[in-house]
Amino acid sequence: MFKGKVALVTGGTRGIGAAITTLLATEGAHVAAGYSRGKESAGMCQAKLASMGASVSVHQGRVDDPADCARVAQEVLDRFGRVDFLVNNAGITMDKTVRKMTAEDWQTVLSVNLSGAFHMTKALLEHMIERGSGRIVNISSVIGETGNVGQANYAASKAGLFGFSKSLALEMAQRGITVNCVAPGFIGTEMVEAIPKAALEKVIEKIPQRRLGRPEEVARVVRFLLEDDSSYITGAVYSVNGGLDM
Amino acid sequence: MNTLSNGIAGRVCIVTGGARGIGGAISTRLANDGAIVAVIGLPADRDRTESLRASLNGSAENVVFYEGDVGEYERCTKAIEAILQEHGRIDCLVNNAGITADHTARKMTIDEWNAVLQVNLSGPFFMIKAVLDAMVAQNYGRIVNISSVVGLSGNVGQANYAAAKAGLIGLTKTIALEVATKGVTCNAVAPGFIATEMVAAMPPAAIERAVASTPVQRLGQPSEIARTVRFLLDEEAGYINGAVFNVNGGWYM
Ligand SMILES: NC(=O)c1ccc[n+]([C@@H]2O[C@H](COP(=O)([O-])OP(=O)(O)OC[C@H]3O[C@@H](n4cnc5c(N)ncnc54)[C@H](OP(=O)(O)O)[C@@H]3O)[C@@H](O)[C@H]2O)c1
Ligand SMILES: NC(=O)c1ccc[n+]([C@@H]2O[C@H](COP(=O)([O-])OP(=O)(O)OC[C@H]3O[C@@H](n4cnc5c(N)ncnc54)[C@H](O)[C@@H]3O)[C@@H](O)[C@H]2O)c1
């Protein structure tokens with residue numbers, strides 16, 4: 001379905017991002033998967049997909065650093081000539097109640113989760129405008145809609161992505177570029193495995209479907225939004241959360 | 001049952017008002033993907049279903065018409081009984097049938113208010129009520145309700161329609177919660193302005209305004225709604241529940 005297309009997926013070698021990379025590559029796209037510190041998992045992800053015959057390259061760079069974003073974008077454009085899809089997926093948590101949260105905790109999460117999407121988008125936007133086509137999907141979170149105890153920074157960054165996406169969707173509406181968000185609920189990745197076991201059981205209790213989602217269940221929503229035929233969908237937020245806090 | 005390899009083939013799907021417009025596009029898409037489509041519609045929809053079947057290459061026999069008015073509960077249960085008898089199961093329900101009766105609230109009659117609520121809101125409830133036991137018993141079901149951007153934004157002259165479509169979102173989320181552990185999902189798709197007879201009935205100046213106020217500067221096509229419905233009906237869409245998927249060219253965010 002995506003033969004000849006090039007996708008850039010930030011944080012694309014682990015967790016949800018790896019599932020997105022896998023699905024898009026399986027559909028025939030070349031996927032440039034970003035990572036920051038996980039060199040080993042990046043190598044494993046690339047090797048695994050290469051052995052399946054998929055076309056994947058990995059690119060080191062921090063999304064919270066505008067210079068890194070520009071460099072990675074250039075690397076991908078130089079090697080593959082184009083970028084059709086940008087998936088801003090890289091994200092982190094640093095959970096603490098506001099009373100205990102330091103200014104640095106706040107700043108770091110916003111820098112990666114929200115400013116990271118801005119920097120990476122900036123680095124590719126002129127290219128997409130020039131070609132008159134593009135698809136941008138930002139991975140937000142149910143927490144951006146509901147808030148959560150201990151996640152003021154994370155919730156603010158993810159709610160911020162809604163405002164960013166909708167504004168950009170309006171700015172790009174007549175340029176063939178759509179911008180949408182996918183808002184996952186609790187998905188079984190390392191990010192969620194970091195939650196203490198007792199707390200995780202409480203979380204699952206609260207999910208109407210009583211289970212965590214799988215990364216693949218998020219990836220297929222991303223793929224849907226990236227299709228050419230999704231051109232009438234822009235500025236939307238597609239939730240995939242098992243019925244949690246709808 | 002046929003192979004379910006593509007997530008919908010062999011599934012028995014009901015599409016209310018599935019003979020023309022958005023519903024027609026949904027029926028077409030599902031039939032082409034190998035689903036068995038039961039169209040429920042008014043008497044006038046019988047011939048329309050025939051024309052729709054005629055337009056399908058090879059999958060015409062996948063589409064069957066059942067007469068029924070979704071605004072009448074007994075008619076809904078009758079149609080469902082007939083479908084269950086014929087096909088043995090019901091996997092998907094798309095509540096698409098809808099009407100408009102536009103007037104500003106000052107001019108709107110009580111009949112206009114009631115009629116639109118009856119078809120657009122009570123209709124989906126009646127249909128869901130009629131299929132839900134069967135879905136829960138088989139531990140599988142996919143329900144998609146066609147709401148509207150107007151249910152989120154409101155619209156001058158559409159107090160009845162907007163109330164019904166907003167109400168439909170409340171219904172969607174409640175059903176989603178009630179059957180979340182039973183293998184059944186319930187979601188809504190909220191289209192923007194789509195090129196069908198419903199929109200063609202608007203005054204030309206109003207259509208022009210709708211296009212001009214849509215960020216992507218065009219009406220949507222019925223097929224663009226159909227593919228979103230199809231996506232949500234897929235077997236693999238099981239973790240999407242209680243969601244509202246907008247397809248509106250940026251008209252409302
Ligand atoms: N898991 C959930 O339940 C859930 C729910 C809702 C939303 N989300 C969102 O989904 C996205 C992916 O989550 P996940 O669960 O897959 O997380 P994860 O397993 O912890 O993976 C995070 C990814 O982000 C990358 N990353 C972190 N900081 C970065 C930086 N400064 N620059 C570039 N890349 C960076 C990581 O790269 P390295 O490998 O190099 O560290 C890694 O690939 C996040 O945006 C998250 O907020 C997750
Ligand atoms: N066209 C749009 O721009 C638009 C936008 C948002 C939402 N919608 C919604 O999408 C759905 C389909 O709209 P459309 O534009 O295709 O409309 P349409 O008028 O072209 O088709 C509606 C179909 O529903 C059938 N129907 C009407 N009342 C019925 C009843 N009581 N019982 C059974 N069938 C009945 C009609 O006979 C017809 O086949 C509606 O729910 C509508 O509210 C449409």
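A cavity, in the sense used here, is a set of grid points where a 1.4 Å probe fits but cannot get out, and its lining residues have an atom within 4 Å of a point. Please keep in mind throughout that this is a predicted model.

The largest cavity holds about 50 Å³ of space. Its lining is made up of A:Thr10, A:Val63, A:Asn88, A:Asn89, A:Ala90, A:Val112, A:Asn113, A:Gly116, A:Ala117, A:Ile139, A:Lys158 and A:Leu161. Two elements of chain A, helix H4 (residues 103-131) and helix H6, each give two or more residues to that lining. Of these, H4(A) supplies the largest share, with 4 residues. Sorted by class, the lining of the largest cavity has 6 nonpolar residues, 5 polar residues and 1 charged residue.

I turn now to ligand 1. Which residues come nearest to this ligand? Among the 29 residues around ligand 1, they are A:Ser36, A:Asn89, A:Tyr154, A:Ile187 and A:Thr189.

A polar backbone atom of A:Ile187 lies 2.7 Å from an oxygen atom of ligand 1. For A:Gly38, the distance from a polar backbone atom to a ligand oxygen is 2.8 Å. A:Ile16 likewise places a polar backbone atom 2.8 Å from an oxygen atom of ligand 1. Taken alone, ligand 1 exposes 900 Å², and the protein buries 94% of that area.

Which elements give two or more residues to the shell around ligand 1? They are helices H1 (15-26), H6 (152-172) and H7 (190-193), which belong to chain A. By class, the shell around ligand 1 comprises 13 nonpolar, 11 polar and 5 charged residues.

Finally, I would like to consider one residue of chain B. B:Arg11 sits in the segment before strand S1 (12-16) of that chain. Is B:Arg11 buried or exposed? B:Arg11 counts as buried, because its relative accessibility is 3%, and the cut-off for a buried residue is under 20%. The side chain of B:Arg11 is joined to the side chain of B:Asp91 by a polar contact of 3.1 Å.

Terms used:
Residues numbered from 1 in each chain as written. Chains lettered and ligands numbered in written order. Predicted model: local features only at pLDDT ≥ 70, side-chain atom pairs only at ≥ 80, totals over all residues. Heavy atoms only, no water. Near = heavy atom within 4 Å. Polar contact = N/O pair within 3.5 Å; in protein donor to acceptor, adjacent residues only side chain to side chain. Areas by Shrake-Rupley, 256 points an atom, 1.4 Å probe, with all protein chains shown as cover. Nonpolar A, V, L, I, M, F, W, Y, C, P; charged D, E, K, R; others polar. 1 Å grid on protein atoms, 1.4 Å probe; cavity = no way out; pocket = protein on both sides within 12 Å on 5 of 7 lines; lining within 4 Å. Points joined across faces, edges and corners; volume = space filled by probe spheres on them. Buried < 20%, exposed > 50% of the residue type's maximum accessible area, 1.4 Å probe, protein only.
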